[in-house]
Amino acid sequence: MDKTLKIKIAIDLLLTLSLLFLMSYELIGETAHEWIGIGMFTLFILHHIMNRNWSKSLFKGKYTAFCIVQTALIFFIFACMTLSVVSGMILSRHVFVFLNIKKGTALAQRVHMTCAYWGFVLMSLHLGFHWNMVVNMAGRLFEKPSVFRKWTVRAAALIISSYGIYAFVKCSIGSYMLMQVHFVFFDYGEPVAYFILDYMVAMGLFVIIGYYLSICLKGRIKA
């Protein structure tokens, strides 16, 4: 594995961890939330710098179904990230308090919450679209294919998906995405680790959906 790929993986891993901690908001404190948000936005920029070749080839070549969906995902993620940053600066009580913005906070709160949850789902799907890299890397660790290993991985994916659906409903992620609820409710008696575990599994659900959707779009469905 070359140095550039290691840096890309490190950035993506930190982005994923930042996203999970950002979802816990009040459980980690407003100040930590704002600084992690700044860190995630910085990592987001670095991610695009490291993958600038994709941006250069954006309007080149033939657009397949996979490319169309992948590109749409990236543009929606960019929109969510931009709106999250702008609304976050308006709502800031610590890092950007010097801006002293008092108007538009109610709208900014709705935008920030909605974009956060849409961003969570879209980024998870995006990760799933690139999960074949993880699968290929894992495949290189074993010399011979194994039926047992294949079905073990599939069973794990089924378990994660099942728990992921439960976590998605339990955490009311769909309600927040559709703006059916305007305030995020937290169980302050729940340990942060349990909260993050629920969101990790919910993320896993959409990673799996994204992975198999990418396979379908590429027309590489295998039994």
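Glu190 is buried, with a relative accessible area of 17%. Buried means under 20% relative accessible area, exposed over 50%, and partly exposed in between (1.4 Å probe, protein chains only). This is a predicted model: local features need pLDDT of at least 70, side-chain atom pairs count only at pLDDT 80 or more, and totals for chains, interfaces and linings use all residues. Residues are numbered from 1 along each chain as its sequence is written, and side-chain values use heavy atoms, leaving out hydrogens and water.

**View 1. Lys170 and Glu190 form a salt bridge.** The closest N and O atoms are 3.6 Å apart. A salt bridge here is a side-chain nitrogen of Lys or Arg within 4 Å of a carboxyl oxygen of Asp or Glu. Lys170 is partly exposed, at 42% relative accessibility.

**View 2. Asp198 and Lys170 meet in a salt bridge.** The N to O distance is 2.7 Å. Asp198 lies in helix 9 and Lys170 in helix 7, so the pair ties together parts 28 residues apart in sequence. Helices are DSSP runs (H or I, at least four residues), numbered from the N terminus. Asp198 is buried, with a relative accessible area of 3%.

**View 3. Lys170, Glu190 and Asp198 are linked in a network of salt bridges.** The search of the whole structure finds three salt bridges.

**View 4. Glu30 and Arg93 meet through their side chains in a salt bridge.** The N to O distance is 3.3 Å. Glu30 lies in helix 2 (residues 30–50) and Arg93 in the loop between helix 4 (65–91) and helix 5 (105–129), so the pair ties together parts 63 residues apart in sequence. Glu30 is partly exposed, at 24% relative accessible area. Arg93 is exposed, at 57%.

Definitions and conventions
Helix = DSSP H or I, 4+ residues; strand = E, 2+ residues; numbered from the N terminus.
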